Amino acid sequence: QVQLVESGGGLVQAGGSLRLSCAASGRTFSRYAMGWFRQAPGKEREFIGTINLSGSSTYYADSVKGRFTISRDNAKNTVYLQMNSLKLEDTAVYYCAAARRTYYYPTYEPGPEAFGSWGQGTQVTVSS
């Protein structure tokens, strides 16, 4: 497994942009597909998107498609979430996660059970 630490959250106005980073420890980062989730107060953890091991393939939830972009840099052991055109309803704690086993690429809106390692989360607040 890998250890994950998110950063880059903060307060942003509606319509603005923010980029989150997720740094992974260990030498096996490139063997794991990665995902992003978010959780708003009183709601269940929501799938945002995934990226495969090489970064050549991504999959997004409809709610963020066209606004959010996931990328990764395996040389830096980091995965990114670029968020554009932010809306009030994007306010949540954002989590990155590593797939629960190596060489496994969850798609089609996988649930949290498809992922085995999680970061501590970073708060994103969108204001009007």
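**Close-up views of a predicted model**

**View 1. The largest nonpolar core.** Of the 28 residues in this core, Met34, Trp36, Leu81, Met83 and Tyr94 touch the most other members. The model shown is predicted. Seen by element, at least two core residues come from each of strand 3 (18-24), strand 4 (34-39), strand 5 (46-51), strand 7 (68-73), strand 8 (78-83), strand 9 (92-99) and strand 11 (122-127). In soluble globular proteins, nonpolar side chains tend to be buried together.

**View 2. Met83 and the residues it touches.** Leaving out residues up to four places away in sequence, Met83 touches Gly16, Ser17, Leu18, Leu20, Arg67, Phe68, Tyr94 and Val124. Tyr94, like Met83, is among the core members that touch the most others.

**View 3. A second, separate core.** This core has 10 residues. Phe47, Leu53, Ala97 and Phe115 are included in the second core.

**View 4. The largest pocket.** Its volume is about 180 Å³. The lining consists of Arg38, Gln39, Ala40, Lys43, Glu44, Glu46, Ser63, Arg67, Glu89, Asp90, Thr91 and Ala92. Seven of the lining residues are charged, three are polar and two are nonpolar. Arg67 belongs to this lining and also touches Met83.

**View 5. Asn77 in its loop.** Asn77 sits in the loop between strand 7 and strand 8. Is Asn77 buried or exposed? Its relative accessible area is 18%, so Asn77 is buried; the cut-off for buried is under 20%. Not counting residues up to four places away in sequence, Asn77 touches Cys22, Ala23, Ala24, Ser25, Gly26 and Phe29.

Key
Residues are numbered from 1 along each chain as its sequence is written. This is a predicted model: local features need pLDDT of at least 70, side-chain atom pairs count only at pLDDT 80 or more; totals for chains, interfaces and linings use all residues. Side-chain values use heavy atoms; hydrogens and water are left out. A nonpolar core is a set of buried Ala, Val, Leu, Ile, Met, Phe, Trp, Tyr and Cys residues joined through side-chain atoms within 4.5 Å. Buried means under 20% relative accessible area, exposed over 50%, partly exposed in between (1.4 Å probe, protein chains only). Helices (H or I, at least four residues) and strands (E, at least two) are DSSP runs, numbered from the N terminus. Contact means heavy atoms within 4.5 Å. On a 1 Å grid over the protein atoms alone, a cavity is a set of points where a 1.4 Å probe fits but cannot get out, and a pocket is an open set with protein on both sides within 12 Å along at least five of seven lines; lining residues have an atom within 4 Å of a point. Grid points are joined across faces, edges and corners, and a volume is the space filled by probe spheres set on the points. Ala, Val, Leu, Ile, Met, Phe, Trp, Tyr, Cys and Pro count as nonpolar, Asp, Glu, Lys and Arg as charged, and the others, Gly among them, as polar.
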